[in-house]
Amino acid sequence: MGVDFVLEASPENSRECYMTAYKPGVRRMDCIRIKDASTVQTYTVLEIDYYSEPADMWMARLSPVN
């Protein structure tokens, strides 16, 4: 199942990024896989904060898995 999201580079750490998305149940240390036309990258959720409204929207700090 696809999820719409926004991915932004971290200004503090060039290897990390921030993701904003809608999907309930995502927690710290979960893995997120992002697929584009030719590659798949896996990230670990380092931190996550859920918005109060809508309740399933969140922003997370991600680190790529080698």
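Strands β1 and β2 pair in the antiparallel sense over five bridges, where pairing requires at least two DSSP bridges between two strands and strands are DSSP runs (E) of at least two residues, numbered from the N terminus. Within this pairing, L7 has M19 of β2 as its bridge partner. The model is a predicted one, in which local features need pLDDT of at least 70 and side-chain atom pairs count only at pLDDT 80 or more, whereas totals for chains, interfaces and linings use all residues. Residues are numbered from 1 along each chain as its sequence is written, and side-chain values use heavy atoms, without hydrogens and water.

The two strands belong to an open, antiparallel sheet of five strands in the order β1-β2-β5-β4-β3. Its edges are β1 (5-9) and β3, each of which pairs on one side only. On average, neighbouring strands are turned by 35° against each other, direction ignored; the angles, on a scale from 0 to 180 degrees, are taken between N-to-C directions of axes fitted to C-alpha atoms.

The largest nonpolar core comprises 12 residues, among them C17, M19, Y43 and W58. Such a core is a set of buried Ala, Val, Leu, Ile, Met, Phe, Trp, Tyr and Cys residues joined through side-chain atoms within 4.5 Å, with buried meaning under 20% relative accessible area (1.4 Å probe, protein chains only). Two or more residues come from each of β2 (17-22), β3 (31-35), β4 (40-50) and β5 (57-64).

Beyond four places in sequence, Y43 touches residues including L7, C17, I34, L62 and S63, contact being heavy atoms within 4.5 Å. S63 lies in strand β5 and counts as buried because its relative accessibility is 17%. With neighbours within four places left aside, S63 contacts E16, T42, Y43, T44 and L46.

Conventions: Buried < 20%, exposed > 50% of the residue type's maximum accessible area, 1.4 Å probe, protein only. Helix = DSSP H or I, 4+ residues; strand = E, 2+ residues; numbered from the N terminus.
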